[in-house]
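Here is a short report on a protein–DNA model.

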Number of protein chains: 2
Amino acid sequence: MAAAAKNAPDKRRMILDAAVRVFARQGFHHCRVSDVADEAGVAYGLVYHYFDSKEEILNTLFLERWQIMLDAIGEIDARELPSRDKLRSVAGFIIDSYQHDPDLMKVIIVEVTRAANSFGAVHLKEIRKAYDGIAAIVEAAREEGSFKSGIPSEFAAMCFYGAIEQLLTGWIFELLPRTDADYERAKDLVVEAICGGLENGVTSRPAASG
Amino acid sequence: MAAAAKNAPDKRRMILDAAVRVFARQGFHHCRVSDVADEAGVAYGLVYHYFDSKEEILNTLFLERWQIMLDAIGEIDARELPSRDKLRSVAGFIIDSYQHDPDLMKVIIVEVTRAANSFGAVHLKEIRKAYDGIAAIVEAAREEGSFKSGIPSEFAAMCFYGAIEQLLTGWIFELLPRTDADYERAKDLVVEAICGGLENGVTSRPAASG
DNA sequence: CTCCAGATTGACTGGTCAGTCAATCGTTCG
DNA sequence: CGAACGATTGACTGACCAGTCAATCTGGAG
């Protein structure tokens, strides 16, 4: 069986990967299960051999990836780093995730985290963990005095996460340029914008001049 | 006919208002046209007397309200005000809109501006105008030197708008407190967070010490 | 009162699609 | 070989629902 798993293509995985492409292209509601099966090169019925329903496919994709992000946030928070650098790492992780697999991130954001009436409500607990993780980083910064005490940490976390998600939305809608350099630059810019602020002042990093 | 319009309830308006409540409660995809008709206290067929399709109802709701917001942004930008105060006015307008009619704003955000695979793509041009309007405010601030030149204005606009929309999302999901005082406070906080930044520095307003 | 046009009604239709299931295939083991 | 069992197939079904339409109502004009 171990040998079989090595030789045979993992059909379950193929279905999940195909679902990412189909959901990203057509949206969860505008595609049929047969589209996913066709994209995976697999018979219709096999989808139901591995998954109980169309929704379970999306739930699986979301939970799989979201847990990785939650782990990353927790790991970043545990490092010995200035708070700004922690937030920069979180932003970097999310942007890297998009750069590495834009279809998957599109599906997760569009079909789950922003879908208040369907999957968003189902996974609210998990989604909230990410906000809480970011808020914890901000809270530590407030306590040590590097961040303003007047802005509640959970409020700041929403602003920070919202800004990042909006950047991904800009890329998804092709409203923002999408070269590797743009992704890389965005990591610094979003942290500079949210931590340092848009206004001229003294809090910005002495980064490259351009 | 003028008298008729005065006496008779405007059924078309009743259908639109009912649609807002139904779409907000169940989501566009998870409700039936008959739900809207029932909520409006109107026969099923009358919905199709006033609208060509279920989608047209949502399009109408979105365009009606979005145009008001675009007008508001344009009007705010034309005022003689410091850039930060302009952004504060934009944030205030959007938050007031949510406070005044949370169902409508929920529908617009969840079903349109964040629905990349359906209505979001259809109305991308209109959605973009809002980003551009905010970017224009930021751009003027950069030129006069009050905002950092290192952060592109369209990038800053996405961060600012994203932060606001995420706040609304927090209220929609009931993750953030929703008293009148919270809404009022959020207007200042979001501007302080994005313009002044989360870090301690010299750019924050000398506001009340709360 | 009659006629007309637009408003209103709700039963019905046509198409779509998620999910089922009986049949077939392929592999392993006795 | 052949039994056994999971993997795989795809035709089929049952439910659902957007949109149609012929009938009815209503109110004003002549």
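B:Val190 touches A:Cys159, B:Ala91, B:Ala163, B:Ile164 and B:Leu167, leaving aside residues up to four places away in sequence. Touching, or contact, means that two C-beta atoms, placed from the backbone, lie within 7 Å. B:Val190 belongs to the largest nonpolar core, which has 130 residues. Among those that touch the most other members are A:Cys159, A:Val190 and A:Ile194, along with B:Cys159, B:Val190 and B:Ile194. A nonpolar core is a set of buried Ala, Val, Leu, Ile, Met, Phe, Trp, Tyr and Cys residues joined through C-beta atoms within 7 Å. Buried means 20 or more other C-beta atoms within 10 Å of the residue's own; exposed means 12 or fewer; partly exposed lies in between; these C-beta atoms too are placed from the backbone.

The model is predicted: local features need pLDDT of at least 70, side-chain atom pairs count only at pLDDT 80 or more, and totals for chains, interfaces and linings use all residues. Residues are numbered from 1 along each chain as its sequence is written, while chains are lettered from A and ligands numbered from 1 in the order in which they are written.

**The chain**

Chain A has 11 helices and zero strands. Helices (H or I, at least four residues) and strands (E, at least two) are DSSP runs, numbered from the N terminus. The C-alpha trace of chain A spans about 60 × 40 × 30 Å along its principal axes. Of its 210 residues, 46% count as buried. Among contacts in chain A with a separation of 6 or more, 60% join residues 24 or more positions apart.

α10(B) is mostly covered, with 19 of its 20 residues buried. Its first and last C-alpha atoms are 28 Å apart, close to the 28 Å expected at 1.5 Å a residue. The expected span is 1.5 Å times one less than the number of residues. After α10(B) comes B:Glu174, with a positive phi near 60°.

Helix α5 (residues 54-78) of chain B has 25 residues. Its end C-alpha atoms are 37 Å apart, which agrees with the 36 Å it should span. Buried residues in α5(B) include B:Ile57, B:Leu58, B:Leu61, B:Phe62, B:Ile73 and B:Ile76. The cover over the buried residues of α5(B) includes α2 (11-26), α6 (83-100), α7, α8 (119-122) and α9 of chain B. An α-helix has 3.6 residues a turn, so residues three or four places apart point the same way.

**A positive phi in each chain**

A:Glu174 lies in the loop between α10 (153-172) and α11 (180-196) of chain A. Its phi is near 60°, a positive value in a residue other than glycine. A:Glu174 is exposed, with 9 other C-beta atoms within 10 Å. B:Glu174 sits in the loop between α10 (153-172) and α11 (180-196) of chain B. B:Glu174 also counts as exposed, with 9 C-beta neighbours inside 10 Å.

**How the chains meet**

The contact takes 50 residues from chain A and 50 residues from chain B. On the chain B side, α7 (102-113), α9 (124-144), α10 and α11 each supply at least two residues. α10(B) gives the most, 12 residues. This side divides into 24 nonpolar, 18 polar and eight charged residues. Ala, Val, Leu, Ile, Met, Phe, Trp, Tyr, Cys and Pro count as nonpolar, Asp, Glu, Lys and Arg as charged, and the others, Gly among them, as polar.

What relates the two chains? A rotation of 180° with 0.0 Å of shift along its axis superposes chain B on chain A (RMSD 0.0 Å). That is the relation of a two-fold axis. The superposition is by least squares on the C-alpha atoms of residues with pLDDT of at least 70 in both copies. B:Gly197 comes closest to the axis of the residues of chain B, at 1.7 Å (C-alpha). The same surface serves both copies, as 98% of the contact residues of chain B recur in chain A.

**The DNA**

A residue is near a strand if its C-beta atom, placed from the backbone, lies within 6 Å of it.

| DNA strand | Residues around it | Closest residues | Largest share |
|---|---|---|---|
| C | 16 residues | A:Arg32, A:Gly45, A:Ser53, B:Ala43, B:Gly45 | α4(B), four residues |

The surface near DNA strand C draws at least two residues each from α3 (33-40) and α4 of chain A and from α4 of chain B. For DNA strand D, α4 (44-50) of chain A and α3 (33-40) and α4 (44-50) of chain B each supply at least two. The surface near DNA strand C has eight nonpolar, five polar and three charged residues.
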